[in-house]
Amino acid sequence: RACRIFAPPTRHTLDECSYTRNSCVLARCEARLRCDSDIQQRPRRRFIDTLFFFEAIMAEILEKIASIELEMSRTQKNKATASHLGSLKAKLAKLRRDIMEPTTKGGPKGEGFDVTKTGDCRVGLVGFPSVGKSTLLNKLTGTFSEAAAYEFTTLTCIPGVIRYRGAKIQLLDLPGIIEGAKDGKGRGRQVISTARTCDVIVIVLDAVKPLTHRKLIEHELEGFGIRLNKKPPAITFNKKDKGGIAFTPNPNGETTFLDEETVKNILAEYKIHNADVKLHADCTDEDLIDVIEGNRIYTPAVYAVNKMDSVSVEELRLLEDMKNYVPCSSEKEWNLDGLLEKIWDALELVRVYTMPRGVTPNFDEPIILHKSASTVEDFCNKLHKTIMRSFKHAMVWGMSAKHRPQRVGKEHVLHDEDVVQIVKAH
């Protein structure tokens, strides 16, 4: 503007103005780029800050857990300290729940094992590193999973499918866990979270190493809310608005582990002051805590003692009397059929064959039901949800029928390898 007023529009002055104008534009562009880069870096900085905050909270929780476990180890177990130990166990369970389900919003989720559930059921291979899980998956399913002589060969979840007795069983090769996996060490949270979704857990042990590894693995799984080869506690627990704590001891026998004071101390840790607690068996304080938490998973387990070719016959004979133990060798394919049969028994599946009118039964593709939900109504819903709208009765051939065929209703419980013909109402 000054050039235009005080000087004639020579070529030199015009070049200077254009140069000044271009440098101002370049400066504004550089400032805008710096601002854009700062905006782009904000989510990353926010994520890093959240990560550090989450790690600080986890460290504080682990420190509290260690102090409570130390106090429990120093406390003598007798009737006088039963209520105090019960409240300590309740505090410990609440802290474990914070590790399992962090209450912090926006915390880092990490890399999980998002494996789609396929087939009729899911079986997971859990164990310490380098015990033969990947080789077992390769031999049973034909799916390639890298196996090597060093530890932590498998770093993610690798699925495979077994077709056994007409059923499709999804087998998961999970990475090896270490001590402290329940506290998040070695991606233990991702491994055990995937194990919670399995219908049966196969704990793979090394026959050369001590069998005490079983206790270590069970301790890690139980710390994450998985109860192996157990049934839900026979305890009725109902919250109410008023009336205090009403405790009913076991009417079928003695109540040796719980009394009214212990129950009140445990419920006080959860800030529950009005509830009905009724025992139907001789349950412990840990059983009561499991019922209050309500997030426990009761899963059957099979113990596969791998590398049986590396031990003597006398050592193998010791495993014959142990329950749910199956010696096998994944490398030499020894006793893999026995392992599959043990897994099948633990799954408690029921195969039901369909037989339309005037057609022979279809024995190639059975309908797979669970033993706990194996009625005719469950069978119809598995076929199609609209069948029950026009259902009249069913004709059943098999072990569940008193005579063949037997006309039954929707409440009839089917057995393994029954043949069913559905009759619709017109």
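Author: Helices (H or I, at least four residues) and strands (E, at least two) are DSSP runs, numbered from the N terminus. This is a predicted model, in which local features need pLDDT of at least 70 and side-chain atom pairs count only at pLDDT 80 or more, while totals for chains, interfaces and linings use all residues. Residues are numbered from 1 along each chain as its sequence is written, and side-chain values use heavy atoms, with hydrogens and water left out.

Reader: Good, then a loop first. Where is Asn229 found?

Author: Asn229 sits in the loop that runs between strand E5 (226-228) and E6. Its phi is positive, about 55°, although Asn229 is not a glycine.

Reader: What about Arg165, what is its phi?

Author: Arg165 has a phi near 55°, which is again a positive value in a residue other than glycine.

Reader: Now the peptide bonds. Is the one from Arg404 to Pro405 cis or trans?

Author: The bond from Arg404 to Pro405 is cis, and its omega is near -5°. As for its place in the chain, Pro405 belongs to the loop between E14 and E15.

Reader: Since you mention those strands, which sheet has E14 and E15 in it, and what is its strand order?

Author: They belong to an open sheet of 5 strands, in the order E13-E12-E16-E14-E15, with mixed pairing. Two strands pair if DSSP finds at least two bridges between them.

Reader: Which are the edge strands there?

Author: Strand E13 (367-370) and strand E15 (406-408) are the edge strands, each of them pairing on one side only.

Reader: I'd like to see E16 with its partners. In which sense does it pair with E14, and over how many bridges?

Author: Strand E14 (residues 391-397) pairs with strand E16 (residues 418-424) in the antiparallel sense, over 6 bridges. To find the pairing on your screen, you can go to Val396, whose bridge partner in E16 is Val420, or to His393, whose bridge partner in E16 is Val423.

Reader: And how many bridges join E12 to E16?

Author: Strand E12 (residues 349-354) is joined to E16 by 3 bridges, and the two run parallel. Val352 is the residue that stands opposite Asp418 in E16.

Reader: So what holds strands together in either sense?

Author: Strands of a sheet pair through backbone hydrogen bonds, either parallel or antiparallel.

Reader: How many residues of E16 are buried?

Author: E16 is mostly covered, in that 5 of its 7 residues are buried.

Reader: Let me switch to E6. Which order do the strands of its sheet follow?

Author: The order is E6-E8-E7, in an open sheet that 3 strands form with mixed pairing. Strand E6 (235-239) and strand E7 (245-248) lie at the edges, where each pairs on one side only.

Reader: How do E6 and E8 pair?

Author: E6 and strand E8 (residues 275-279) are antiparallel to each other, with 5 bridges between them. One place to look is Lys239, which stands opposite Ala275 in E8.

Reader: Last topic, a helix. Which residues of H7 are buried?

Author: In helix H7 (residues 260-269) the buried residues are Thr262, Val263, Ile266 and Leu267. They fall within an arc of 130° when H7 is seen down its axis, so these buried residues line one face of the helix; the arc is that of the directions from the helix axis to the C-beta atoms.

Reader: And which residue follows H7?

Author: Lys271 follows H7, and its phi is positive, near 60°.

Conventions. Buried means under 20% relative accessible area, exposed over 50%, partly exposed in between (1.4 Å probe, protein chains only).
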